[in-house]
Amino acid sequence: MEVHLKKLQHELETFTYSPAPQTIFIIRDPKTRKISASHFRDRVVHHAICNIIEPILEKSFIHDSFASRKGKGVHSAILRFEKFLRKMAGNGKRGTGNGYALKADIKHYFDAVDHRILLGILRRRIRDRNVLWLISVILKNHKTKVPGKGMPLGNLTSQFFANVYLNEFDHFVKHGLKAKYYIRYVDDFVILHRDREMLEQWQKQISSFLREWLELELHPEKSRVIPVGSGVGLLGFRVFCHYRLLKKSNARRIWKRIEKFRQEYAHGWTTKEEISQSMEGWFAYAKFASTYNLRKKVSAKLNELFGDVAPKP
């Protein structure tokens, strides 16, 4: 290990470092995604870069950006969004039908990130030319249909740069549009307002900003203004003022997962212990919503098929 690290150090110091080709594989959970796995030595470099530049750039991030940041995450984003819903409903009163949400995401975000624009953003805060050279080398290692565009899903640097790139957008929404109730998680974002026309106007301004400044597009089928009274879909949940549900598609998916476990167990491809460990994660996730009856049914089905393997609902 020490020999490999010294070799890597020498390559970095002499500017001869070249990342290995990435291993590409496809996952379907639930959407089909192409994941790029970097070689171990390259992941060491990715971590080193983030350790250097994250403390510098984190200071410029807004509070309500929740992906790939310490102390943030899905649950924090949902809780913050619920707080915004209640404020918009009127000082925490138990209202549920007031207001609208602009719910949107960015079309093919990771494939669309422009390297020139990203490096320009980084240069405004990172003065070290060697670090900028290294970032450029890593970006170029990802082979895409359009040269100079795109970042690989699966890299630590990609997750961090995704926030850096859209931090420009965050500040436009917060300080340009002066949107009070705004949440972003990677390229998914929601803005709340009592006036539907205001959100529709903001949507046009957002579309123009993304296109002109970041060369990005809103997803035409996933960007719309909706009333909040019927709940707002966010990060796998349908969120209301005072409670949350699992999205119906997520609730349906667990039954397919159990059927897959049944088939794998019948062929001896998995064990009760592995099934139990896997389901513990789902139960922890599902408990964040009002799902007691669903968890009870899932628990009963698991115990029926495999014996006493289900966590308590």
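The following questions and answers concern a predicted model.

Student: Which elements give two or more residues to the lining of the second largest pocket?
Tutor: The lining of this pocket consists of L12, E13, F15, V45, A48, I49, I52, N130, V131, W133 and L134. The elements that give two or more residues are α1 (2-13), α2 (40-58) and α6 (129-140).

Student: How do the residues of that lining divide into nonpolar, polar and charged?
Tutor: E13 is in the lining, and Glu counts as charged. The division is nine nonpolar, one polar and one charged.

Student: How much space lies in the second largest pocket?
Tutor: Rolling a probe the size of a water molecule over the atoms shows where empty space is left. For the second largest pocket, the space comes to about 220 Å³.

Student: Is H219 buried or exposed?
Tutor: H219 lies in the loop between α8 (196-214) and β6 (224-227). Leaving aside neighbours within four places in sequence, H219 is in contact with D105, I106 and K107. Its relative accessible area is 17%, and buried means under 20%. H219 is therefore buried.

Student: Which backbone nitrogen does the side chain of H219 reach?
Tutor: H219 is in a loop, the one between α8 and β6. From there its side chain comes to 3.2 Å from a backbone nitrogen. That nitrogen belongs to E221.

Student: E82 counts as charged, so is E82 buried or exposed?
Tutor: E82 lies in helix α3 (residues 74-90). Setting aside neighbours within four places in sequence, its contacts are V239, F240, C241, Y243 and R244. The relative accessibility of E82 is 4%, and the cut-off for buried is under 20%. E82 is therefore buried.

Student: What is the phi of S68?
Tutor: Most residues other than glycine have a negative phi. S68 lies in the loop between α2 and α3, and at 39% relative accessibility S68 counts as partly exposed. S68 is not a glycine, yet its phi is positive, at about 55 degrees.

Student: Where does V186 lie?
Tutor: V186 is a residue other than glycine with a positive phi, near 55 degrees. As for its place in the chain, V186 lies in the loop between β4 (181-185) and β5 (188-193).

Notes
Residues numbered from 1 in each chain as written. Predicted model: local features only at pLDDT ≥ 70, side-chain atom pairs only at ≥ 80, totals over all residues. Heavy atoms only, no water. 1 Å grid on protein atoms, 1.4 Å probe; cavity = no way out; pocket = protein on both sides within 12 Å on 5 of 7 lines; lining within 4 Å. Points joined across faces, edges and corners; volume = space filled by probe spheres on them. Helix = DSSP H or I, 4+ residues; strand = E, 2+ residues; numbered from the N terminus. Buried < 20%, exposed > 50% of the residue type's maximum accessible area, 1.4 Å probe, protein only. Polar contact = N/O pair within 3.5 Å; in protein donor to acceptor, adjacent residues only side chain to side chain. Contact = heavy atoms within 4.5 Å.
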